Number of protein chains: 2
Amino acid sequence: MQVNGQAYRCIWLEDDGRRVGIIDQTKLPHQFVTQSLVTVDDAVLAISDMLVRGAPLIGATAAYGVCLGLVADCSDTRLDEVCAKLIQARPTAVNLRWAVEKMRTVIAPLPLGQRLARAYAEAAMICDEDVQVNESLGTHGMQLIEKCRKDDGQPVNILTHCNAGWLATVDWGTALAPIFKAHEAGIPVHVWVDETRPRNQGAHLTAWELAAAGIDHHLIVDNAGGHLMQHGKVDLCIVGTDRTAANGDVCNKIGTYLKALAAMDNAVPFYVALPSSTIDWTSGNGTEIPIEERAEDEVLLVSGKGMDGVIHQVRIAPDQTRAANPAFDVTPARLITGLITERGTCPASRDGLLSLFPEHR
Amino acid sequence: MQVNGQAYRCIWLEDDGRRVGIIDQTKLPHQFVTQSLVTVDDAVLAISDMLVRGAPLIGATAAYGVCLGLVADCSDTRLDEVCAKLIQARPTAVNLRWAVEKMRTVIAPLPLGQRLARAYAEAAMICDEDVQVNESLGTHGMQLIEKCRKDDGQPVNILTHCNAGWLATVDWGTALAPIFKAHEAGIPVHVWVDETRPRNQGAHLTAWELAAAGIDHHLIVDNAGGHLMQHGKVDLCIVGTDRTAANGDVCNKIGTYLKALAAMDNAVPFYVALPSSTIDWTSGNGTEIPIEERAEDEVLLVSGKGMDGVIHQVRIAPDQTRAANPAFDVTPARLITGLITERGTCPASRDGLLSLFPEHR
């Protein structure tokens, strides 16, 4: 993606062929700052302090973290130590463990002298695969936007929730990939960006991505989407997913379910964009997915740029008020018009998913 | 209501029988500050700067504003001047015009010597009537909470949106009145408080009222209610309304519609509490109600207490991002279990409303 006229991925190998560059996402949207990771501990901190976030990007960062950890010492002992450090950086992140174990499986059987080069090659491959999957998903999703194209040249109005953009992946994103593709193809689009409380990933990241790409958008509070749909101001919804059950139920950022209900009530198509790596083939339906309860300060404190230009946190509730903070909700498959994957779009059902991924029959 | 062990209304006549006390609601929840209104200009500022807000309280403040304006001069010219000043304080507030015109109608026919005393008496009556209506509504609504009372002593879980508490009225509130009554009656209750973006009236005011009353509650983001209902954690919803159409459609704070959809999807009873003064008998259905689009800074800026203990505003979006800010949405009557009024609870329909208010047949 382009930032200030320059092409960026969210993670890249620097010119010395050793160090790894990332965007410090904690500074967005108010500052665009890149950072070099030099050691495995840098990678661990980038993940644990959420300089990088989003399941695919966490995985990619961990893969490069293994490389950084092996630069001076490729021994089995060191490999184990590096993998353990990375896995505990965010213990609940499924892609992190997956990426680290993939690296270990590839590296461990090799003689010491071949390990480092192969590690870097494998990390690059994990990144490239992520980009390819997302771009392919974007091309399929763009066709759904094209279908809503208007004869009078007015933009297609798309509502999205949270950030499933390129900042959550290596490039392209998931829910935003079809929007970037449509914009590139000259289809006029306008995006309603849910701010996505409590962490405001919509306001902080999605709005920033769209602004950087020159895509027309308005920030709205999470309360507003239903009203906009009642008044014909949303042509389709596209959201991402953290985990997709085998029956097509989708676990995504808290509040997704409410938008899906409003879409159904107003006959607005509601799509979920997902790389097939988010499908949990072992989970029969969404109610089996455990929902993470996060820290109450995410609700009680809001972060933003103060009048002095510096980032501040402010408390919005009385001191004695406690908060509850479920991080995700489950949108039942019955409310979902279709699932957009790297192999095409299918109904949100077991049969739908198996039609695209028959190897899981 | 009680604040720090002392009984308060939101507006009161001070001991000198002339000045009028109010709570400066712009300081809540972080500071409880009262203020004396001495002149009509004080009352105008209190309304326009939103030291007082909520339709019934604005009306009551305007009524006392007329009194303050007549203390030194009860002439017709002065009466007209005072009424005009107050009406333009917030031109869109229906109750404000209603209260001022009521005062004028009562005062204008009287000889000069009787006007001031009658003005104070009428303002007091407007306040007392508001309190009676809300308390009566609270008693009727409490019966619905009582019905959900659990044999095991666990609290009845009630979800509310925005602030329809005593701070929006002279006392008791509308949506919160049944909750205060239930708490007083010893029914264990727990309230899920929607923060209610963009202005955060839930976080700022509802949470503060419940904390002051010692009622168990948790603040939640507006995204969370659907998930809580899916998991059986909400026994009923009670919200207020800014305007009720004659067919039972309800226009309330943006986001109310989304909660009503979730309540219907999960068979959770969804009630709207309203003094009959909010019923617009001339409006056939909710789609005829114009929806106010408010300033985008309400979305882009969030206000709260900084680490230094001072109130700050922070910007949550990139500088180039614009926002849309519809202030209300319409919840169709089909999603509403019942309307709680000062005369009892009825179905959300024309027939339901007319059964309680036959004088509007």
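**Figure 1. Pairing of E11(A) with E17(A) in the predicted model.** In this predicted model, strand E17 of chain A, residues 328-331, runs antiparallel to E11(A), and four bridges are found between the two strands. One of the residue pairs to look for in this view is A:Asn252 with A:Asp329, the latter being the bridge partner in E17(A). E11 of chain A, residues 250-253, is also joined to strand E10 of chain A, residues 243-245, by two bridges, and these strands too run antiparallel. Within that pairing, A:Arg243 is found opposite A:Cys251 of E11(A). The hairpin made by E10(A) and E11(A) has four residues between its strands, and A:Gly248 in this hairpin adopts a positive phi near 95 degrees.

**Figure 2. The open sheet of four strands in chain B.** The strands follow the order E13-E10-E11-E17 in chain B, and their pairing is mixed. Strand E13 (279-280) and strand E17 (328-331) of chain B are the edge strands, each of which pairs on one side only. Strand E10 of chain B, residues 243-245, and strand E11 of chain B, residues 250-253, are antiparallel and are linked over two bridges. In this pairing B:Thr244 is placed opposite B:Val250, a residue of E11(B). Helix H9 of chain B, residues 256-265, lies across E11 and E17 of chain B, and its direction is at about 30 degrees to that of E17(B).

Figure 3. Strand E9 of chain A, residues 236-239, runs parallel to strand E12 of chain A, residues 270-273, with three bridges joining them; A:Val239 has A:Val272 as its bridge partner in E12(A).

**Figure 4. The hairpin of E14(A) and E15(A).** Strand E14 of chain A, residues 301-305, and strand E15 of chain A, residues 311-315, are antiparallel partners over five bridges. A:Gly304 stands opposite A:His312, which belongs to E15(A). Five residues lie between the strands of this hairpin, in which A:Gly309 has a positive phi near 80 degrees.

Figure 5. Side chains of opposite charge can pair when their charged atoms come close. Over all chains, the search of the whole structure finds 50 salt bridges, and one shown here joins A:Lys102 to A:Glu129, with their closest N and O atoms 3.7 Å apart. This pair links distant parts of the chain, since A:Lys102 is in helix H4 (residues 94-107) of chain A whereas A:Glu129 is in helix H5 (residues 112-147) of chain A, 27 residues apart.

Figure 6. The same surface serves both copies, with 100% of the contact residues of chain A recurring in chain B. The contact draws 62 residues from chain A and 62 residues from chain B, and the two chains bury about 4800 Å² between them, of which 62% is on carbon and sulfur atoms. In chain A, the residues that lose the most area to chain B are A:Asn223, A:Leu258 and A:Ile316, which together account for 15% of what that side buries.

**Figure 7. Polar and charged pairs across the interface.** Between chain A and chain B, 28 residue pairs are in polar contact, counting pairs with both residues at pLDDT 80 or more. Six salt bridges are found across the interface, including the one that B:Glu195 forms with A:Arg197, whose closest N and O atoms are 2.6 Å apart. On the side of chain A that touches chain B, helix H9 of chain A, residues 256-265, gives the most, with six residues.

Note on methods
Residues are numbered from 1 along each chain as its sequence is written. Chains are lettered from A and ligands numbered from 1 in the order in which they are written. This is a predicted model: local features need pLDDT of at least 70, side-chain atom pairs count only at pLDDT 80 or more; totals for chains, interfaces and linings use all residues. Side-chain values use heavy atoms; hydrogens and water are left out. Contact means heavy atoms within 4.5 Å. Two strands pair if DSSP finds at least two bridges between them. Axes are lines fitted to C-alpha atoms, for helices over the stretch in contact, and angles run from 0 to 180 degrees between N-to-C directions. Buried area is the accessible area (1.4 Å probe) that two parts lose on being put together, summed over both. A salt bridge is a side-chain nitrogen of Lys or Arg within 4 Å of a carboxyl oxygen of Asp or Glu. A polar contact is a pair of N or O atoms within 3.5 Å; within protein, one must be able to donate a hydrogen and the other to accept it, and residues adjacent in sequence count only if both atoms are side-chain atoms.
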